[in-house]
Amino acid sequence: MTYVTGDKKDVDYNGYKFTFLNTPSWVYMYTYIDPDLTGDVLDDTCYERNLTVEEEFNIEISEEFQSYNDIARFAKNLILTDEDVYDAMYIPTNSLTPIISENLFYDLMEIEELHMDQIWWDQPLIKRNIIEDRLFYATSDLHLMAFEGVWCMYFNEDMMKELNLELPYQMALDGKWTFDQLKQYCSVAANLNGDATWAFDVYGNARYGMVDFGNAVRTAYSMGGEYTSMGEDGKYQFTADTDQRFLSVWESLINFYGPQNGLQLTASAQDLDPDGYYSVFMADRAMFLHAELKGATMLREWEGNFGLLPEPKFDETQENYESGVFTGCLAFCIPSTNVNLERTGTIVDYLTYESYKGLLPRYYDIHVSLKALGKQESIDVLELVRGTRGQEAAVFYGWTTDLQTAISDLVTKNELSLASTIQTYKDAVISNINTTYASYPSLRHTGE
């Protein structure tokens, strides 16, 4: 893949300092855009990428930080002063979407220098989050949180071999890694090993099929259980109450997560605490770990051998894998205070292309060069996960937050009262969708 012919402008920006607003590393994810040369592979590759673009356009690239929890509020308050401080910003999507309607960001689709239809931008996410032909945030390989925060599955190779199970790499690459396959593997792995119950005990012996911290919502997305669909008028509409796929997915998940039968363990979300989901996996107490891609580096010191899989399809009739991005992922946006969109689009798009061309292969190398993940199959799976990462618009825009919580409670309680729960929240979800669409006509765009 080469850059779009003739689209990289031959320009000199006379030493301009191009500044990103960003947040420092958060929950073990790599978030830096402009690191120093440190000897770390990612730091040095980002530095070299920036140097290439700096020399190409005669600019200086820099970034300034605000904490993850404060960055959206900081950005909003700064934009309202109408002061042009940052050329581009990275803001958590779950904090960004509530303030989009306040005319604080530009429509990325109207900036011709941004090639939003190209492979170096995350196409599944972009397509789902275009509303009224407008797009106010996007993710790409320029900022690695969109990769570090994508949900996937790790499996204990040593345990599978001990149990005479086929390593499922090829199954995944052939498009046959499904929820039923996951359950079958988990059923073989689950074993009380002398413990009296399936309740987790740090000092116990019970072995589980899969461990996570209660991520049924993420798995539902991967299995095609979406709350909304695109109507004939090009607008999203609430369909969870009539979509048989949605109902079947959640019934399956409740039956998997709800019973205390060893197929799945909901552990602590404190990653590396003794009862945390990573620690349970590394203690050989679970065959699968359901976690984000950041987990490959978090498992660096583990002595066991592990493999990587995408989250499962619901069944083989599902056309593609869907790899859900962390809903608070930092996303690229351009503040309404920016006074030179042509320059911003030119620089960011080329940075993004250079990230796809040079940074991404090194990122793959780092993950598969880990002692326990050194297989060509892992490279293939990483590429599969990258190409399918996205998230449902209803989740990013917050339309279904309360309904998601209510359905998650059904999972915890092992209750199948889906229909009545959906009906309880249906009107509120529809109202949320209508509110979003009502606000879009007034949003800032480059023609103003």
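Modeller: Start with D233, which sits in the loop between strand 6 (228-230) and strand 7 (236-238). Keep in mind that the model is predicted.

Colleague: Why is D233 called exposed?

Modeller: The label exposed needs a relative accessible area over 50%. D233 has 57%, so D233 is exposed.

Colleague: What makes D233 part of a negative surface patch?

Modeller: The patch is formed by E132, D133, E232 and D233.

Colleague: How many salt bridges does the structure hold?

Modeller: The structure holds 13 salt bridges. One of them joins the side chains of E226 and R128.

Colleague: How do you know that E226 and R128 meet in a salt bridge?

Modeller: The cut-off is a side-chain nitrogen of Lys or Arg within 4 Å of a carboxyl oxygen of Asp or Glu. For E226 and R128 the N to O distance is 2.8 Å, so the pair counts as a salt bridge. E226 is in the loop between helix 9 (216-222) and strand 6, while R128 is in helix 4 (residues 123-128). The pair links distant parts of the chain, 98 residues apart.

Colleague: Why is E226 counted as buried?

Modeller: Buried means under 20% relative accessible area. E226 is at 16%, so E226 counts as buried. R128 also has a relative accessible area of 16%, so R128 is buried too.

Colleague: Which other salt bridge does R128 make?

Modeller: The side chains of E322 and R128 meet in a salt bridge at 3.5 Å, N to O. E322 lies in the loop between strand 10 (306-309) and strand 11 (323-324), and this pair is 194 residues apart. Both E322 and R128 are buried.

Colleague: What makes R245 and D315 a salt bridge?

Modeller: Their N to O distance is 3.6 Å, and the cut-off is within 4 Å, so the pair counts. R245 lies in helix 10 (residues 244-257) and D315 in the loop between strand 10 and strand 11, so the pair ties together parts that are 70 residues apart in sequence.

Colleague: Why is R245 called partly exposed?

Modeller: Partly exposed lies between the buried limit of 20% and the exposed limit of 50%. R245 is at 24%, so R245 counts as partly exposed. D315, with a relative accessible area of 24%, is partly exposed as well.

Colleague: Which residues are linked in a network of salt bridges?

Modeller: D122, D141, R386 and R389 are linked in such a network.

How values were computed
Residues are numbered from 1 along each chain as its sequence is written. This is a predicted model: local features need pLDDT of at least 70, side-chain atom pairs count only at pLDDT 80 or more; totals for chains, interfaces and linings use all residues. Side-chain values use heavy atoms; hydrogens and water are left out. Patches are made of residues with over 30% relative accessible area and no salt bridge: like charges are joined within 9 Å, nonpolar side chains (Val, Leu, Ile, Met, Phe, Trp, Tyr) within 5 Å. Accessible areas come from the Shrake-Rupley method with a 1.4 Å probe; for residues, only the protein chains shown count as cover. Lys and Arg count as positive and Asp and Glu as negative; His and the chain ends are not counted. The place of a charge is taken as NZ of Lys, CZ of Arg, CG of Asp or CD of Glu. Helices (H or I, at least four residues) and strands (E, at least two) are DSSP runs, numbered from the N terminus. Buried means under 20% relative accessible area, exposed over 50%, partly exposed in between (1.4 Å probe, protein chains only).
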